[in-house]
Amino acid sequence: MNKEEILAHLPYSKPFLFVDEILHIDENGSSGTFTFDKDLDFYKGHFKDHPVTPGVILTETMAQIGLVCLGIYLTGSAEGGVPGHVMLTSTAIDFMKPVFPGEKVKVVAEKVYFRFKKLNCTVQMLNEQHEVVCKGTIAGMVTNKMNG
Amino acid sequence: MDRAELIARLTPIIATYAQDKDAVASINENTDFIKDLKINSANLVDVVLDVEEEFDIEIDNVSMERMLNVSAAMEIIEDKLKSK
């Protein structure tokens with residue numbers, strides 16, 4: 001599968017699509033970018049008068065670029081395979097720096113293992129200064145049906 | 001390796017992922033990973049990967065799919081150890 005086909009298979013749309021571009025993808029990992037539009041709705045409430053991107057949204061962004069794109073690629077590129085659905089099953093993330101409205105981030109994910117339908121990745125998010133803003137481990141089950 | 005020793009080596013692996021700690025305390029050959037221990041499908045994979053490491057064996061997809069309770073796990077481990 002190529003990058004465009006993977007993007008077309010993502011099951012998200014605005015305001016919950018957190019992938020702008022896939023930079024690289026192969027059987028060992030993926031990388032991509034997303035820019036947090038300053039008008040995203042959650043900035044109105046997180047926090048009052050002090051908009052900062054919520055950690056859960058950073059986690060989701062790493063999951064979409066790392067786990068989900070890679071899961072679709074691995075299943076869709078397998079011989080006779082069809083692109084699967086990825087169900088998030090666990091996360092363990094450390095947060096180092098805030099991400100403010102309008103910032104562009106890059107996510108780099110490396111596969112730890114993909115066995116018995118479980119995909120486990122290490123992920124890290126970098127800001128435009130190439131500083132690590134958060135990193136950790138994300139895992140999910142890659143299944144044939146949604147909610148699988 | 002006798003069955004008691006097998007269960008003794010299996011229990012700490014299972015205990016890591018089991019949600020029902022009371023069921024871990026009374027673990028026996030009939031204990032079901034999903035129904036009794038409330039292990040989810042993702043953690044079931046981790047149990048299998050940890051079993052591979054603990055016993056230095058490789059578990060195939062077919063074995064994985066039927067490894068749903070303690071007795072099936074023990075059978076599979078004994079089988080793989082024999083064919084090593």
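Author: One cut-off before we start: two residues are in contact if their C-beta atoms, placed from the backbone, lie within 7 Å. Also, this is a predicted model.

Reader: Fine. Which residues does Gly32(A) touch, leaving out those up to four places away in sequence?
Author: Its contacts are Val19(A), Glu21(A), Ile22(A), Leu23(A), Ile65(A), Cys69(A) and Val107(A). Gly32(A) itself sits in strand β2, residues 29–35 of chain A.

Reader: Is Gly32(A) buried or exposed?
Author: Buried, because 26 other C-beta atoms lie within 10 Å of Gly32(A), and 20 or more is the cut-off.

Reader: Zoom out. How many helices and strands in chain A?
Author: Chain A has 2 helices and 6 strands. From the N terminus the order is α-β-β-α-β-β-β-β.

Reader: And how compact is chain A?
Author: As compact as a globular protein of that length, because its radius of gyration is 15 Å and the globule rule gives 15 Å for 148 residues. Along the principal axes, its C-alpha atoms fill a box of roughly 50 × 25 × 25 Å. Buried residues are 34% of the 148.

Reader: What share of chain A contacts with a separation of 6 or more joins residues 24 or more positions apart?
Author: That share is 64%.

Reader: Now chain B. What's the pattern along the sequence?
Author: α-α-α-α-α. That is 5 helices and 0 strands.

Reader: What is the radius of gyration of chain B?
Author: 12 Å, which agrees with the value near 12 Å for a compact globule of 84 residues. The C-alpha trace spans about 35 × 25 × 20 Å along its principal axes. Of the 84 residues, 26% count as buried.

Reader: Where do the chains meet? How many residues on each side?
Author: 8 residues of chain B are in contact with 7 residues of chain A. On the chain B side, α3 and α4 (61–66) each supply at least two residues. Helix α3(B) gives the most, with 5 residues.

Reader: What classes of residue are on that chain B side?
Author: 5 nonpolar, 3 polar and no charged residues.

Reader: Tell me about α3(B). Which residues are buried?
Author: Ala42(B), Asn43(B), Leu44(B), Val45(B), Asp46(B), Val47(B), Val51(B) and Phe55(B). The cover over them includes β3 (85–95), β4 (104–115), β5 (118–126) and β6 of chain A, plus α1 (3–17) and α5 (70–82) of chain B.

Reader: Switching to the largest nonpolar core. Which members touch the most others?
Author: Met62(A), Leu67(A), Cys69(A), Leu70(A), Val107(A) and Ala109(A), out of 52 residues. Elements giving two or more residues include β1 (21–26), β4 and β5 of chain A, and α1, α3 and α5 of chain B. The largest share, 11 residues, comes from α2(A).

Reader: Last one: Val133(A). Buried or exposed?
Author: Buried, because Val133(A) has 20 C-beta neighbours inside 10 Å. Val133(A) lies in strand β6, residues 132–143 of chain A. Its contacts beyond four places in sequence include Met96(A), Val105(A) and Met125(A).

Methods: Residues numbered from 1 in each chain as written. Chains lettered and ligands numbered in written order. Predicted model: local features only at pLDDT ≥ 70, side-chain atom pairs only at ≥ 80, totals over all residues. Helix = DSSP H or I, 4+ residues; strand = E, 2+ residues; numbered from the N terminus. Buried ≥ 20, exposed ≤ 12 C-beta atoms within 10 Å, placed from the backbone. Rg over C-alpha atoms; globule rule 2.2 N^0.38 Å. Nonpolar A, V, L, I, M, F, W, Y, C, P; charged D, E, K, R; others polar. Core = buried A, V, L, I, M, F, W, Y, C linked by C-beta atoms within 7 Å.
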